[in-house]
Amino acid sequence: MSSAAQEFLRSAAAKSADLRHRQVLRRSVDTYFTSLGTGRTRFIDWQEARRKAQAIKWEAVNHLDKYLLQFEERVKERGGHVFWAENGEQARNYIVDLATAGGVRTVVKSKSMVAEEIHLTPALEGKGFKVWETDLGEFIVQLRDEPPYHIVTPAMHLTRQDIAQLFKEKLGGIDTDEPEKLVAAARVALRRAFFTAEMGISGVNFLVADAGMIALTTNEGNGRLGTSLPRIHVAITGIEKVIPRLEDLAVMWPVLSTAGTGQAVTCYNTLVGGPRGKDEVDGPEEFHVVLLDNGRSELLADAEQREVLHCIRCGACLNACPVYRAVGGHTYGTTYQGPIGSVLTPHLRGLHEFQHLSSASSLCGNCSEVCPVRIDLHHHLLHNRRNAVKAGERSWSERMAFKAFRWTMMHPSWFASLGWLGRRALRAAYGLGLEGTAVDPLRAWTKERAAPPIPPRSFRSFWKERRGAD
Amino acid sequence: MARVALFIPCFVDQLNPEIGLDTLEVLRRAGYEADFPEDQTCCGQPAFNTGYWNDARPLAERFVRVFRPFETVVCPSGSCTTMVRNFYPELLAGTAMHADAEELGRRVFELSEFLVKVARRTELGAAFPHRVTYHDSCHSLRELHLKQEPRELLRRVRGLELVEMPYSEDCCGFGGTFAAKFHMISAAMGDTKAGNAEGVGAEFVTSTDPSCLMHIEGILRRRNSPVRTIHLARILAHAGDGQ
């Protein structure tokens, strides 16, 4: 078992038994589903909107070469820079070098999961730059020195009281649990950062190919402050975030916000296409877009799982996932949590280390049902499982168990005899009071549940009797 | 009397024979005589879902051979029906059995689906004077798209009060080998489900899937809950108290 798998099991056991945690997530998810329900009714046909969004992403992902080059050309025409990073290291180095060359001391960051993926903040901090997370949720988890709990709502696991306590300790002079006052306190700290920062780093929700612009969605306005006030703006994104046309936003924006939070449209939607123009009064002097591959091209080459690149990072599958709601975001030990993370991470960081995530699912299919771009997520979890078996990533004992299973089930008489023997043995063992003990043959089951009553007879024995009586 | 073949999931055969017997009774009341092909074993889903497709494939081929001669197949499990109808085509892609498997998939029905959509019999003369909540099993709901069919049948049962629990569409946490490999997550999901059923004051949780019910029942008993589980076929075969 990989070290990541061991850590996952340890953390999953702790979180699964943590009733307070379950309750906090339940409350958050209850609110989400209420808004989502309302949000979907704003569409004449939500299912049709999903199909349209899927078609847009399909076209983009299957013509990535064309649309990315088109995007690059337009950005360059306006005096922006595009950097193609093959991996995290290249992306980090490019940004650290930019900051060094530009005499940067302070960086303001808006939400970017790709920045998390390549561990950008620690890299910048390691070189002495001060980095401020400006999304409120990200700001909170940064103060706690934690990674985001959820790709859309990073502080989902915290209550208002938790945040009040944190601000009291870390921000100084604040002692309240009123949401308005807490937000105001964060705002004061962040406004100062916005005005001092020389570099703003943002993520990207969509790379709009024909316009050569990045589309940025936030609820707090931090995205556009961070991309217009500092001297340098760096946008970092995975290559799969492209969409062909500006008009596609008419579908993608409301679909993203509905799936993400249930909002009709998110509060701030910004398009940025280059540095400050000649006649413009604000905006950055430099505009850089870092296009990160980091394993995505390999996924693109995999016809069976290519559609995983359609993901628009709305977080709907996390909220819908009963496993996520039981174990929480940190247990995954990955940048992307929940179903999309379990599907994607083995591709980005190796099947050997992360195949366990694809098995840590009941394959209930709720993720595929809610995905706004209709990725067949639970099916891809199944494909990852098959690939793990094929790659010899499973234990000897499991492989033997399935050989024995197959052998038994190929022979009805052996199945019937072994079933009879097994039931007799279990009835004897349970008669001696061994249920739930260390020698219980159904230990894997009875660790958590009562054993089912073991019947003396099988259905087929009843059937034989009836047939004989006819 | 019209005839159908009965597909009894392997673990139901061994652990819940009463569900099989009640399925026979329900089919009889609907006007069908059932045949049980004795060569049947397992559809192969445990191996398939755990990733062992090479071990699942011969079982799928075997299943197709056993059931191919029958015009209609009925199964008291949405999950095992799903395996045949939805997953065999992919598992057997490129094999000689593929076309037969696809064809057979269209003739295999989950019990409530068969009664409502094929037999068009919802009134089966059952009585079950209890407060019951229906758990939407994942495969019945999201793979076979059965939401109203089992509820329609339950509404026709004399004395039965059908109550909806919150998050009835959420997975109970069984998930096959998941239940053993990640038992703590499985148990947490089951615990949530059990709490939701208790919360609406149900006496019984019912469903189309014996595996979900075995898991939920085990969790309920560990919680010392008064709530019990019962398979849909058992309710539909029930002639009422004292009869």
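Modeller: The side chains of A:Arg325 and B:Asp170 form a salt bridge with an N to O distance of 2.6 Å; the term denotes a side-chain nitrogen of Lys or Arg within 4 Å of a carboxyl oxygen of Asp or Glu. The model is predicted, so local features need pLDDT of at least 70 and side-chain atom pairs count only at pLDDT 80 or more, whereas totals for chains, interfaces and linings use all residues. Residues are numbered from 1 along each chain as its sequence is written, chains are lettered from A in the order in which they are written, and side-chain values use heavy atoms, without hydrogens and water.

Across the interface of chain A and chain B there are 8 salt bridges. On the side of chain A that touches chain B, the residues divide into 35 nonpolar, 14 polar and 23 charged; Ala, Val, Leu, Ile, Met, Phe, Trp, Tyr, Cys and Pro count as nonpolar, Asp, Glu, Lys and Arg as charged, and the others, Gly among them, as polar.

Another of these pairs joins A:Arg467 to B:Glu38, at 2.4 Å from N to O. It runs from helix 24 (residues 459–469) of chain A to the loop between strand 2 (32–35) and helix 3 (45–50) of chain B, helices (H or I, at least four residues) and strands (E, at least two) being DSSP runs numbered from the N terminus. A:Arg467 is partly exposed at 45% relative accessible area, and B:Glu38 is partly exposed at 21%; partly exposed lies between buried, under 20%, and exposed, over 50% (1.4 Å probe, protein chains only).

The contact (heavy atoms within 4.5 Å) takes 72 residues from chain A and 63 residues from chain B.
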